[in-house]
Amino acid sequence: MSDSEDDAPTLSAHTLAALQEFYNETRSGLDHSTTSASDQFAVGAVQEDWRMSQFWYSDDTAAQLAEEVVREAGEGGRIACVSAPSVYQKLKQGIVEGSDRVSAVVLEFDRRFAAYGSDFIFYDYSEPLSLPASVAPQSFDIVLADPPYLSEECLSKVAQTIKYLSKGKVLLCTGAIMENLAKELLDLKVCSFLPKHNRNLSNEFRCFVNYPSHLLRS
Ligand SMILES: C[S@@+](CC[C@H](N)C(=O)[O-])C[C@H]1O[C@@H](n2cnc3c(N)ncnc32)[C@H](O)[C@@H]1O
């Protein structure tokens, strides 16, 4: 058998077109051709990738957190979802009351979320203040964050980002073991509300706030 270029396998135009479509979808994680606007913002529209410590909230938890940030941001308020794309998605699905009267951005390391256009801000917690010039300091009415790792280094850096972004209100979702550090860094109190995920996590998870939230009692 010769190994000349003539012997190289070839693909039909149809197969090539199908492959290109598959490649485009894999890059964004979203299939714009077959899903409605609401589906494109569904929690899970971008599949979890455990290499990036991705564990999506249950639909119900994402909705409850979205309702909370809408309530706390107020009319015309600005919401930053830091490493918490499910809450951003829930805000954009058009099903949370009042979500059309706020604006939201998602700060994320996973570039598949760039499919959400100018609402996407690339974010790597290891460079906590490397943000575009368009992101003004203290310009968000509430910042919700769910850091990728349960470590002092990660939470300390994410706390720097939160302090830069927030006008005051902070809602942090992370492991219960981070309670003391969350108090020390951001003066956060643990909520009785228990966030749930689509898959069972081995770590106990909690929400923490620095304002008089419904979640402290629910
Ligand atoms: C524990 S998950 C939180 C997701 C949240 N439970 C949700 O459903 O939206 C951590 C998030 O951090 C993001 N992430 C991973 N590496 C990161 C990095 N270096 N800097 C900032 N965020 C990162 C992941 O893409 C993921 O969205």
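Along its sequence, the protein chain runs α-α-α-β-α-β-β-β-α-β-α-β-β. That pattern holds six helices and seven strands. Helices (H or I, at least four residues) and strands (E, at least two) are DSSP runs, numbered from the N terminus. The model is predicted: local features need pLDDT of at least 70, side-chain atom pairs count only at pLDDT 80 or more, and totals for chains, interfaces and linings use all residues. Residue numbers start from 1 along each chain as its sequence is written.

**Burial and contacts**

- The protein chain has 218 residues, and 35% of them are buried.
- A residue is buried if 20 or more other C-beta atoms lie within 10 Å of its own, exposed if 12 or fewer, and partly exposed in between; C-beta atoms are placed from the backbone.
- Among contacts in the protein chain with a separation of 6 or more, 65% join residues 24 or more positions apart.
- Two residues are in contact if their C-beta atoms, placed from the backbone, lie within 7 Å.

**Ser53**

- Ser53 is not a glycine, yet its phi is positive, about 55°.
- The loop between α2 (37–40) and α3 (59–73) holds Ser53.
- Ser53 counts as partly exposed because it has 15 C-beta neighbours inside 10 Å.

**Gln138**

- Gln138 also has a positive phi, of about 50°, although it is not a glycine.
- Gln138 sits in the loop between β3 (120–122) and β4 (140–145).
- With 11 other C-beta atoms within 10 Å, Gln138 is exposed.
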